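Work through the exercises below with the sequence and the model open. Each task is followed by a solution in steps.

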Amino acid sequence: ELMLELKGIDSMAEELKSRYHLSEAVIVPGNCDESEFVKKSIGEACVSRIKSRLSGKTIIAVTGGSTMAEAARTMKPDFAEGKNVLFVPARGGIGDDVRNEANTVAALMAQSTNGSHRVLYAPERISPDVRESLLQEPAIKEAVSMIQSADIVLHGIGNAISMAKRRKSPEAELSMLESQEAVAEAFGYYFNKEGEVIQKLSTIGLKLEDLQHAKVVIAAAGGASKGKAIRSYLNGSPKLDILVTDEAAARELLDQE
Ligand code: BG6
């Protein structure tokens, strides 16, 4: 405990990097649970990491969430100067605040950088039949194939139960998540402490297995309240290259139980 308290940001970042086999761990000072400014720094750090990885033509798949929305707000036209960047929402609608939906975030990113974007509107909960027919729709087909061939995937990580509530999940689903001790959520997947997938939403979009095909996967999430969720996701993710977080979450997640 004491050791951790004395530990600086740089050594925590090194520890995260080696413990979770990341190519980079970025830790911004502070706790975004307490300050919107810290969430903004996470967004900025995220944007600068993507910027240095853009090639001529780049497809970026992005999820929703307030952290991603913050990243979108810090993007500027010089982000993709002379490059051809296309933003695609990683998932269909999630019944969240419309400002934080993946569609909105992708559109805002495109608008701020003079890039282009696609939309993907699909209900959260769909029956297998409807899902199959929706996947035949040309616009949906195109968006899905772009997600699958994305060069960069950019996603948030949430607390399982708060995300389920934000999605207004039915009571039965909530108690299922509770009884299976769900800890983390990312793009519609719920994970337990060990990082095992215990539930996933049947909507259209990014699948866990699609991550393997991306050149760079970046996750951004911070706040002491997300420490355990981030650890659970780090345990479960099949591919994560860069984690952008804050000091408070990093302390929580490195802290041994
Ligand atoms: C969702 C993403 O929209 O936002 C999830 O699909 C993520 O991957 C969540 O868990 C996080 O939201 P926030 O507002 O905490 O950044």
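**Exercise 1: H3 against H4**

The axes of helix H3 (residues 36-51) and H4 lie 8 Å apart and pack at an angle of about 65 degrees. The model is predicted, so local features need pLDDT of at least 70 and side-chain atom pairs count only at pLDDT 80 or more, while totals for chains, interfaces and linings use all residues. Residues are numbered from 1 along each chain as its sequence is written, and side-chain values use heavy atoms, with hydrogens and water left out.

Task: Describe how H3 and H4 are oriented to each other, and list the residues that meet.

Solution. 

Step 1. Helices (H or I, at least four residues) and strands (E, at least two) are DSSP runs, numbered from the N terminus. Axes are lines fitted to C-alpha atoms, for helices over the stretch in contact, and angles run from 0 to 180 degrees between N-to-C directions.

Step 2. Classify the angle. Angles under 35 degrees count as roughly parallel, over 145 as roughly antiparallel, 65 to 115 as roughly perpendicular and the rest as oblique. H3 and H4 are therefore roughly perpendicular to each other.

Step 3. Assign the hand. A crossing is left-handed if the near helix is turned anticlockwise from the far one by less than a right angle, and right-handed if clockwise. The crossing of H3 past H4 is right-handed.

Step 4. List the contacts (heavy atoms within 4.5 Å). From H3, Glu36, Lys39, Lys40, Ile42, Gly43, Glu44 and Val47 meet Ser66, Thr67, Glu70, Ala71 and Thr74 of H4. By class, the contact of H3 with H4 has three nonpolar, four polar and five charged residues. Here Ala, Val, Leu, Ile, Met, Phe, Trp, Tyr, Cys and Pro count as nonpolar, Asp, Glu, Lys and Arg as charged, and the others, Gly among them, as polar.

**Exercise 2: H4 against H5**

Task: At roughly what angle do the axes of H4 and H5 cross, and which residues meet?

Solution. 

Step 1. The axes of helix H4 (residues 66-74) and helix H5 (residues 102-113) cross at roughly 10 degrees and come within 8 Å. That angle makes H4 roughly parallel to H5.

Step 2. The crossing of H4 and H5 is left-handed.

Step 3. Met68, Ala69, Ala71, Ala72 and Arg73 of H4 meet Val105, Leu108, Met109 and Ser112 of H5. The contact of H4 with H5 divides into seven nonpolar, one polar and one charged residues.

**Exercise 3: The cores and Leu234**

Task: How many residues has the largest nonpolar core, and what does Leu234 touch?

Solution. 

Step 1. A nonpolar core is a set of buried Ala, Val, Leu, Ile, Met, Phe, Trp, Tyr and Cys residues joined through side-chain atoms within 4.5 Å. Buried means under 20% relative accessible area, exposed over 50%, partly exposed in between (1.4 Å probe, protein chains only).

Step 2. The largest nonpolar core has 47 residues, and those with the most contacts inside it are Leu16, Tyr233, Leu234 and Leu243. Helix H7 (residues 138-148) gives the most to this core, with five residues.

Step 3. Apart from neighbours within four places in sequence, Leu234 is in contact with Leu16, Tyr20, Leu22, Leu240, Leu243 and Leu253.

Step 4. A second, separate core has 32 residues, including Ala45, Cys46, Ile60 and Phe79.

Step 5. Leu234 also takes part in a helix contact: Gly227, Lys228, Ile230, Arg231 and Leu234 in H10 meet Ala249, Glu252 and Leu253 in H11. This contact of H10 with H11 has four nonpolar, one polar and three charged residues.

**Exercise 4: Accessibility of single residues**

Solution. 

Step 1. Beyond four places in sequence, Lys57 is in contact with Asn84 and Asp151.

Step 2. With 31% relative accessibility, Arg53 counts as partly exposed. Not counting residues up to four places away in sequence, Arg53 touches Glu24, Ile152, Val216 and Ile242.

Step 3. Asn114 is not a glycine, yet has a positive phi of about 55 degrees. At 64% relative accessibility, Asn114 counts as exposed.

Step 4. Lys168 has a positive phi of about 50 degrees although it is not a glycine. With 66% relative accessibility, Lys168 counts as exposed.
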